[in-house]
Amino acid sequence: MTIKLTVPGMACSACANNITNAVKAVDANAIVEADTKTKFVNVETQASETAIKEALIAAGYPPA
């Protein structure tokens, strides 16, 4: 399943890295594409959208 999110708090590559790590903590096999310019995050995962969003919130990057 592909989940498309907007993360307004993502400002730099370190933010994108933190987001990737948060998602991979939920699904180690997830494919994460985070674009700091557009603030879009695409996640290819077997985890639920709720689980992904909760992981991002816990990491300090709540999706819009």
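Let's start with Cys15, which counts as buried because its relative accessibility is 10%; buried here means under 20% relative accessible area, exposed over 50%, and partly exposed in between, with a 1.4 Å probe and protein chains only. Cys12 has 34% relative accessibility and so counts as partly exposed.

A quick word on the source: this is a predicted model, where local features need pLDDT of at least 70, side-chain atom pairs count only at pLDDT 80 or more, and totals for chains, interfaces and linings use all residues. Residues are numbered from 1 along each chain as its sequence is written, and side-chain values use heavy atoms, with hydrogens and water left out.

So, how many disulfides are there? Taking a disulfide as a pair of cysteine sulfur atoms within 2.5 Å, the count is zero. Cys12 is in no disulfide, and the nearest cysteine sulfur, that of Cys15, lies 3.5 Å away.

Now to the helices, which are DSSP runs of H or I with at least four residues, numbered from the N terminus. Helix α1 covers residues 13-26 and helix α2 residues 49-58; they pack at about 135°, axes 9 Å apart. Those axes are lines fitted to C-alpha atoms over the stretch in contact, and angles run from 0 to 180 degrees between N-to-C directions. That makes α1 oblique to α2, since angles under 35 degrees are roughly parallel, over 145 roughly antiparallel, 65 to 115 roughly perpendicular, and the rest oblique.

Who meets whom? With contact meaning heavy atoms within 4.5 Å, Ile19, Ala22, Val23 and Val26 in α1 meet Ala51, Ile52, Ala55 and Leu56 in α2.

Terms used:
Helix = DSSP H or I, 4+ residues; strand = E, 2+ residues; numbered from the N terminus.
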